[in-house]
Amino acid sequence: MISPLFVGHGSPMMAIQNTPCTDFLLSYGQSLKPKAIVIFTAHWETETLTISSTDDVYEMIYDFGGFPDPLYQIKYPAKGSVALAQSLAERFSAKDIPVQFDIKRGLDHGSWVPLSRMFPVPDCPVVQISVNPYLPPSQQYLIGEALRGLDEEDILIVGSGATVHNFRTMNPDATAPDPQAVAFDDWLIEHMRKQDLDSLFNYTSLAPNARLAVPRPEHFVPLYIVMGSGNPDRQPQEVHRSYEMGSLSYFSVAF
(Lines give C-alpha, C1' and ligand atoms only; values in the text may rest on other atoms or scores of the structure.)
Protein backbone atom coordinates (compact mmCIF):
# COMPACT_ATOMS: atom_id res chain seq x y z
CA MET A 1 0.00 0.00 0.00
CA ILE A 2 1.36 3.42 -1.02
CA SER A 3 -0.30 6.49 0.50
CA PRO A 4 -1.36 9.30 -1.86
CA LEU A 5 1.02 12.25 -1.51
CA PHE A 6 0.70 16.01 -1.88
CA VAL A 7 4.06 17.69 -2.53
CA GLY A 8 5.07 21.31 -2.74
CA HIS A 9 7.09 21.49 -5.95
CA GLY A 10 8.30 25.07 -5.53
CA SER A 11 10.81 26.62 -7.88
CA PRO A 12 12.11 24.78 -10.97
CA MET A 13 15.55 25.23 -9.37
CA MET A 14 14.56 22.32 -7.15
CA ALA A 15 15.63 20.12 -10.05
CA ILE A 16 19.30 21.10 -9.71
CA GLN A 17 19.68 22.39 -6.16
CA ASN A 18 19.96 20.35 -2.99
CA THR A 19 17.65 21.59 -0.26
CA PRO A 20 15.84 20.12 2.74
CA CYS A 21 12.89 19.43 0.43
CA THR A 22 14.95 17.60 -2.21
CA ASP A 23 16.60 15.55 0.54
CA PHE A 24 13.13 14.60 1.74
CA LEU A 25 11.91 13.74 -1.75
CA LEU A 26 14.85 11.43 -2.44
CA SER A 27 14.54 9.68 0.90
CA TYR A 28 10.77 9.32 0.55
CA GLY A 29 11.06 8.03 -2.99
CA GLN A 30 13.61 5.44 -1.92
CA SER A 31 11.08 4.05 0.55
CA LEU A 32 8.53 3.36 -2.21
CA LYS A 33 8.26 0.94 -5.09
CA PRO A 34 5.21 2.07 -7.06
CA LYS A 35 3.84 0.04 -9.94
CA ALA A 36 2.71 3.29 -11.55
CA ILE A 37 2.40 7.00 -10.74
CA VAL A 38 -0.64 9.21 -11.32
CA ILE A 39 0.23 12.89 -10.95
CA PHE A 40 -2.07 15.93 -10.88
CA THR A 41 -0.01 18.97 -11.81
CA ALA A 42 -0.79 22.61 -11.09
CA HIS A 43 0.83 23.56 -14.41
CA TRP A 44 -1.76 21.90 -16.61
CA GLU A 45 -5.13 23.65 -16.46
CA THR A 46 -8.16 22.52 -18.44
CA GLU A 47 -11.89 22.95 -18.06
CA THR A 48 -12.46 19.21 -18.56
CA LEU A 49 -10.32 16.78 -16.61
CA THR A 50 -7.68 15.63 -19.10
CA ILE A 51 -5.56 12.50 -18.88
CA SER A 52 -2.27 11.95 -20.71
CA SER A 53 -2.64 8.81 -22.81
CA THR A 54 0.52 7.43 -24.38
CA ASP A 55 2.81 4.44 -24.10
CA ASP A 56 5.77 6.47 -25.34
CA VAL A 57 8.43 8.45 -23.49
CA TYR A 58 7.07 11.92 -22.71
CA GLU A 59 8.54 15.03 -24.28
CA MET A 60 9.91 17.56 -21.81
CA ILE A 61 8.07 20.85 -21.26
CA TYR A 62 10.29 23.64 -19.93
CA ASP A 63 7.43 25.90 -18.90
CA PHE A 64 9.52 28.62 -17.27
CA GLY A 65 11.90 31.36 -18.32
CA GLY A 66 15.03 33.12 -17.13
CA PHE A 67 16.58 30.15 -15.35
CA PRO A 68 20.10 28.71 -15.74
CA ASP A 69 20.84 26.71 -18.91
CA PRO A 70 21.34 23.37 -17.09
CA LEU A 71 17.62 23.32 -16.26
CA TYR A 72 16.77 23.24 -19.96
CA GLN A 73 19.09 20.30 -20.55
CA ILE A 74 17.40 17.97 -18.07
CA LYS A 75 15.74 14.90 -19.51
CA TYR A 76 13.39 12.71 -17.51
CA PRO A 77 12.50 9.79 -19.78
CA ALA A 78 9.31 8.64 -18.10
CA LYS A 79 6.86 6.57 -20.13
CA GLY A 80 3.09 6.78 -20.03
CA SER A 81 0.47 4.04 -20.02
CA VAL A 82 -2.58 4.00 -22.27
CA ALA A 83 -4.05 1.11 -20.30
CA LEU A 84 -3.80 2.96 -17.00
CA ALA A 85 -5.15 6.16 -18.56
CA GLN A 86 -8.18 4.22 -19.78
CA SER A 87 -8.69 2.62 -16.36
CA LEU A 88 -8.58 6.04 -14.70
CA ALA A 89 -11.08 7.44 -17.19
CA GLU A 90 -13.47 4.60 -16.40
CA ARG A 91 -13.23 5.41 -12.70
CA PHE A 92 -14.02 9.08 -13.33
CA SER A 93 -16.86 8.28 -15.71
CA ALA A 94 -18.42 5.98 -13.11
CA LYS A 95 -18.65 9.04 -10.85
CA ASP A 96 -20.10 11.21 -13.65
CA ILE A 97 -16.88 13.22 -13.93
CA PRO A 98 -16.31 14.21 -17.58
CA VAL A 99 -12.87 13.31 -18.94
CA GLN A 100 -10.88 13.55 -22.13
CA PHE A 101 -7.51 12.26 -23.31
CA ASP A 102 -4.40 14.04 -24.54
CA ILE A 103 -2.02 11.93 -26.63
CA LYS A 104 0.64 14.58 -27.33
CA ARG A 105 1.35 16.67 -24.23
CA GLY A 106 4.68 16.21 -22.47
CA LEU A 107 5.57 16.43 -18.79
CA ASP A 108 5.54 19.96 -17.37
CA HIS A 109 7.84 21.00 -14.55
CA GLY A 110 5.09 20.46 -12.00
CA SER A 111 5.53 16.77 -12.81
CA TRP A 112 9.13 16.16 -13.82
CA VAL A 113 10.78 18.32 -11.16
CA PRO A 114 9.40 16.50 -8.07
CA LEU A 115 9.40 13.10 -9.78
CA SER A 116 13.04 13.44 -10.85
CA ARG A 117 14.01 14.13 -7.24
CA MET A 118 11.91 11.28 -5.87
CA PHE A 119 12.77 8.72 -8.54
CA PRO A 120 15.93 9.85 -10.38
CA VAL A 121 15.61 6.91 -12.77
CA PRO A 122 11.99 6.46 -13.89
CA ASP A 123 11.14 2.77 -13.76
CA CYS A 124 7.33 2.73 -13.82
CA PRO A 125 4.61 4.32 -15.98
CA VAL A 126 3.54 7.90 -15.24
CA VAL A 127 0.11 9.27 -16.10
CA GLN A 128 -0.29 13.03 -15.85
CA ILE A 129 -3.69 14.63 -15.19
CA SER A 130 -4.79 18.25 -15.46
CA VAL A 131 -6.58 20.39 -12.90
CA ASN A 132 -9.45 22.82 -13.17
CA PRO A 133 -8.69 25.49 -10.54
CA TYR A 134 -12.18 26.97 -10.82
CA LEU A 135 -13.98 23.98 -9.33
CA PRO A 136 -14.74 24.37 -5.60
CA PRO A 137 -12.72 22.31 -3.09
CA SER A 138 -15.63 19.91 -2.54
CA GLN A 139 -15.59 18.95 -6.23
CA GLN A 140 -11.81 18.61 -6.25
CA TYR A 141 -12.20 16.18 -3.36
CA LEU A 142 -14.74 14.14 -5.36
CA ILE A 143 -12.25 13.84 -8.22
CA GLY A 144 -9.84 12.28 -5.76
CA GLU A 145 -12.53 10.03 -4.31
CA ALA A 146 -12.95 8.41 -7.71
CA LEU A 147 -9.41 7.05 -7.34
CA ARG A 148 -9.75 5.57 -3.87
CA GLY A 149 -8.27 2.11 -3.65
CA LEU A 150 -5.41 2.69 -6.11
CA ASP A 151 -3.08 2.90 -3.12
CA GLU A 152 -3.94 -0.73 -2.36
CA GLU A 153 -2.67 -1.57 -5.87
CA ASP A 154 0.66 0.19 -5.15
CA ILE A 155 -0.19 3.02 -7.53
CA LEU A 156 1.19 6.29 -6.19
CA ILE A 157 -1.14 9.29 -6.54
CA VAL A 158 0.72 12.60 -6.38
CA GLY A 159 -0.71 16.10 -6.17
CA SER A 160 1.98 18.57 -7.22
CA GLY A 161 1.44 22.18 -6.23
CA ALA A 162 1.91 24.37 -3.15
CA THR A 163 -0.19 25.40 -0.17
CA VAL A 164 1.35 28.89 0.00
CA HIS A 165 2.25 30.23 -3.44
CA ASN A 166 2.23 34.02 -3.79
CA PHE A 167 5.04 35.74 -5.67
CA ARG A 168 4.21 39.06 -4.01
CA THR A 169 4.96 37.73 -0.53
CA MET A 170 8.22 35.97 -1.42
CA ASN A 171 11.35 37.59 -0.03
CA PRO A 172 14.70 36.44 -1.47
CA ASP A 173 16.46 37.87 1.60
CA ALA A 174 14.31 36.03 4.15
CA THR A 175 16.21 33.99 6.73
CA ALA A 176 13.15 32.52 8.46
CA PRO A 177 9.69 31.33 7.43
CA ASP A 178 6.97 33.96 7.12
CA PRO A 179 4.68 33.57 10.17
CA GLN A 180 1.63 34.10 7.97
CA ALA A 181 2.61 31.16 5.76
CA VAL A 182 3.31 28.97 8.77
CA ALA A 183 -0.06 29.84 10.33
CA PHE A 184 -1.88 28.86 7.14
CA ASP A 185 -0.11 25.49 6.92
CA ASP A 186 -0.68 24.91 10.65
CA TRP A 187 -4.40 25.47 10.15
CA LEU A 188 -4.51 23.06 7.23
CA ILE A 189 -2.83 20.15 8.99
CA GLU A 190 -4.90 20.72 12.14
CA HIS A 191 -8.17 20.46 10.21
CA MET A 192 -6.96 17.61 8.01
CA ARG A 193 -6.11 15.60 11.11
CA LYS A 194 -9.58 16.33 12.48
CA GLN A 195 -11.06 15.35 9.10
CA ASP A 196 -12.96 18.61 9.30
CA LEU A 197 -13.95 18.75 5.64
CA ASP A 198 -16.53 21.50 6.16
CA SER A 199 -13.83 23.88 7.37
CA LEU A 200 -11.33 22.76 4.73
CA PHE A 201 -13.86 23.29 1.96
CA ASN A 202 -14.47 26.80 3.31
CA TYR A 203 -10.81 27.69 3.84
CA THR A 204 -11.15 31.04 2.05
CA SER A 205 -13.27 32.44 4.88
CA LEU A 206 -11.91 30.38 7.81
CA ALA A 207 -8.17 29.84 7.37
CA PRO A 208 -5.76 32.55 8.53
CA ASN A 209 -4.15 34.53 5.72
CA ALA A 210 -5.98 32.49 3.08
CA ARG A 211 -6.05 35.25 0.48
CA LEU A 212 -2.32 35.85 0.85
CA ALA A 213 -1.50 32.14 0.77
CA VAL A 214 -3.73 31.31 -2.19
CA PRO A 215 -4.19 34.32 -4.48
CA ARG A 216 -5.09 31.88 -7.26
CA PRO A 217 -5.98 28.24 -6.53
CA GLU A 218 -4.23 26.28 -9.32
CA HIS A 219 -1.35 25.24 -7.01
CA PHE A 220 -3.67 24.59 -4.09
CA VAL A 221 -6.36 22.34 -5.56
CA PRO A 222 -4.12 19.26 -6.02
CA LEU A 223 -4.17 19.05 -2.21
CA TYR A 224 -7.93 18.43 -2.19
CA ILE A 225 -7.73 15.89 -5.00
CA VAL A 226 -5.10 13.85 -3.20
CA MET A 227 -6.92 14.23 0.11
CA GLY A 228 -10.03 12.75 -1.49
CA SER A 229 -8.07 9.83 -2.93
CA GLY A 230 -6.79 8.67 0.45
CA ASN A 231 -8.39 6.21 2.82
CA PRO A 232 -10.46 8.33 5.27
CA ASP A 233 -9.70 5.83 8.02
CA ARG A 234 -6.03 6.82 7.89
CA GLN A 235 -4.69 9.86 9.70
CA PRO A 236 -3.06 12.39 7.34
CA GLN A 237 0.67 12.65 8.00
CA GLU A 238 2.73 15.81 7.58
CA VAL A 239 5.84 14.25 6.02
CA HIS A 240 7.80 17.40 5.25
CA ARG A 241 7.68 21.13 5.74
CA SER A 242 10.18 23.78 4.78
CA TYR A 243 9.96 27.27 3.29
CA GLU A 244 11.91 29.16 0.66
CA MET A 245 12.04 32.94 0.33
CA GLY A 246 10.04 33.20 3.52
CA SER A 247 6.64 32.18 2.20
CA LEU A 248 7.03 29.59 -0.58
CA SER A 249 5.80 26.45 1.14
CA TYR A 250 7.18 22.95 0.60
CA PHE A 251 4.53 21.50 2.88
CA SER A 252 3.95 17.83 1.99
CA VAL A 253 1.25 15.51 3.33
CA ALA A 254 0.63 11.78 2.93
CA PHE A 255 -2.94 10.52 3.03
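This is a short talk on one predicted protein model, going from the overall fold to a few single residues.

Okay, ground rules. Residues are numbered from 1 along each chain as its sequence is written, and side-chain values use heavy atoms, with hydrogens and water left out. Since the model is predicted, local features need pLDDT of at least 70 and side-chain atom pairs count only at pLDDT 80 or more, while totals for chains, interfaces and linings use all residues.

So, the whole chain. There are 9 helices and 10 strands; helices here are DSSP runs of H or I with at least four residues, strands are runs of E with at least two, and both are numbered from the N terminus. The radius of gyration is 17 Å, close to the 18 Å that the globule rule gives for 255 residues, so the chain is as compact as a globular protein of that length. That radius is taken over C-alpha atoms, and the globule rule is 2.2 Å times the number of residues to the power 0.38. Along its principal axes, the C-alpha trace spans about 45 × 45 × 35 Å.

How much of the chain is buried? Of the 255 residues, 56% count as buried. Buried means under 20% relative accessible area, exposed means over 50%, and partly exposed is in between, with a 1.4 Å probe and protein chains only. As for contacts (heavy atoms within 4.5 Å), take those with a separation of 6 or more: residues 24 or more positions apart account for 81% of them.

Next, helix α3. Here 10 of the 10 residues are buried, so α3 is largely enclosed by the rest of the structure. Among those buried residues are His109, Trp112, Leu115 and Arg117. What covers them includes β1 (5-8), α1, β2 (36-45), β5 (126-131) and β6.

The axes of α1 (residues 20-30) and α3 (residues 109-118) come within 7 Å and cross at roughly 65 degrees. Those axes are lines fitted to C-alpha atoms, for helices over the stretch in contact, and angles run from 0 to 180 degrees between N-to-C directions. Which residues of α1 meet α3? They are Thr22, Leu25, Leu26, Tyr28, Gly29 and Gln30, and their partners in α3 are Pro114, Arg117 and Met118. For the classes, Ala, Val, Leu, Ile, Met, Phe, Trp, Tyr, Cys and Pro count as nonpolar, Asp, Glu, Lys and Arg as charged, and the others, Gly among them, as polar.

On to empty space. Rolling a probe the size of a water molecule over the atoms shows where it is left. A cavity is a set of points, on a 1 Å grid over the protein atoms alone, where a 1.4 Å probe fits but cannot get out, and lining residues have an atom within 4 Å of a point. Grid points are joined across faces, edges and corners, and a volume is the space filled by probe spheres set on the points. The count comes to 1 cavity of 30 Å³ or more, and about 70 Å³ of space lies in the largest cavity. Its lining is Val164, Thr169, Asp178, Gln180, Ala181, Asn209, Leu212, Ala213 and Ser247. The elements giving two or more residues to that lining are α5 (179-193) and α8 (210-213). By class, the lining has 4 nonpolar, 4 polar and 1 charged residues.

Now some single residues. Asp151 lies in the loop between α4 (137-145) and β6 (155-161). Is Asp151 buried or exposed? Asp151 is buried, at 3% relative accessible area. Leaving out residues up to four places away in sequence, Asp151 touches Met1, Ile2, Pro4, Asn231 and Arg234.

Gly230, in the loop between α9 (221-229) and β7 (237-240), is also buried at 3%. Gly230 and Ile2 are 228 residues apart in sequence and 9.8 Å apart in space, C-alpha to C-alpha.

Most residues other than glycine have a negative phi. Asp96 has a positive phi of about 60 degrees; Asp96 sits in the loop between α2 (82-94) and β4 (99-102) and is exposed at 70%. Gln195 has a positive phi too, near 55 degrees. Gln195 lies in the loop between α5 and α6 (197-201) and is partly exposed at 44%.

Terms used: On a 1 Å grid over the protein atoms alone, a cavity is a set of points where a 1.4 Å probe fits but cannot get out, and a pocket is an open set with protein on both sides within 12 Å along at least five of seven lines; lining residues have an atom within 4 Å of a point.
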